[in-house]
Amino acid sequence: MADVPMYTPFFGIMGATSAMVFSALGAAYGTAKSGTGIAAMSIMRPELIMKSVIPVVMAGIIAIYGVVVAVVIANGLSDDPTKYSLYRSFLHLGAGLSVGLSGLAAGFAIGIVGDAGVRGTAQQPRLFVGMILILIFAEVLGLYGLIVALILSTK
């Protein structure tokens with residue numbers, strides 16, 4: 001396999017890096033944005049703090065998706081050109097970008113909805129169920145990226 005370029009593993013490594021970095025960025029943004037909403041809401045209604053932690057937990061799950069894909073990609077890496085083709089490295093890059101960027105988008109959505117949702121729930125408790133439903137739809141965006149990434153990385 002003399003025709004396999006020396007830089008082939010670079011793309012697989014960038015896939016693992018992208019999976020972790022972008023999904024962690026999304027989780028961090030979701031946690032920070034929701035956390036500020038919880039802090040503001042807790043001044044008015046301190047008894048609702050534990051109920052309002054749900055968006056922070058959901059944002060943390062986004063980072064777990066990135067870790068899973070990064071580990072799968074890292075286990076598939078090989079510096080032996082006969083075992084790791086350019087095609088496979090591009091699949092790993094696509095898998096990492098898939099879960100990473102969808103995790104980033106899901107984290108943004110969870111953060112914005114979580115912030116507004118917990119502040120609104122403090123004023124109108126019936127808003128809680130609607131907030132949870134919207135958070136679930138935002139979380140599913142990251143799950144879609146995980147599914148596509150697992151399919152790509154196991155080919």
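Visitor: How many side chains of the protein count as positive and how many as negative, and what makes them so?
Guide: The protein has 8 positive and 6 negative side chains. The centres of the two sets lie 14 Å apart, with each charge placed at NZ of Lys, CZ of Arg, CG of Asp or CD of Glu. This is a predicted model, in which local features need pLDDT of at least 70 and side-chain atom pairs count only at pLDDT 80 or more, whereas totals for chains, interfaces and linings use all residues. Residues are numbered from 1 along each chain as its sequence is written, and side-chain values use heavy atoms, without hydrogens and water.

Visitor: Why is the pair of Asp115 and Lys33 called a salt bridge?
Guide: The term requires a side-chain nitrogen of Lys or Arg within 4 Å of a carboxyl oxygen of Asp or Glu. The closest N and O atoms of Asp115 and Lys33 are 3.5 Å apart, so the pair qualifies. This pair links distant parts of the chain, 82 residues apart: Asp115 belongs to helix α3 (residues 86-123) and Lys33 to helix α1 (residues 8-44). Helices here are DSSP runs of H or I with at least four residues, strands are runs of E with at least two, and both are numbered from the N terminus.

Visitor: Is Asp115 buried or exposed, and how is this known?
Guide: Buried means under 20% relative accessible area, exposed means over 50%, and partly exposed lies in between (1.4 Å probe, protein chains only). Asp115 has 10% relative accessibility and therefore counts as buried.

Visitor: Which salt bridge does Arg45 form, and how accessible are the partners?
Guide: Arg45 pairs with Glu47, their closest N and O atoms being 2.7 Å apart. Arg45 is partly exposed because its relative accessibility is 25%, whereas Glu47 is exposed because its value is 54%. The whole structure contains 3 salt bridges.

Visitor: Why is Ser52 called buried, and what is it in contact with?
Guide: Ser52 has a relative accessible area of 5%, so the residue is buried. Ser52 lies in the loop between α1 and α2 (54-76). Apart from neighbours within four places in sequence, Ser52 is in contact (heavy atoms within 4.5 Å) with Ile38, Met41 and Val118.

Visitor: How does the radius of gyration of the protein stand against that of a compact globule?
Guide: The radius is taken over C-alpha atoms, and the globule rule is 2.2 Å times the number of residues to the power 0.38. For 155 residues the rule gives a value near 15 Å, but the protein has 19 Å. Along its principal axes, the C-alpha trace spans about 70 × 20 × 15 Å. The secondary structure comprises 4 helices and 0 strands, and buried residues make up 42% of the 155 residues.

Conventions
Lys and Arg count as positive and Asp and Glu as negative; His and the chain ends are not counted.
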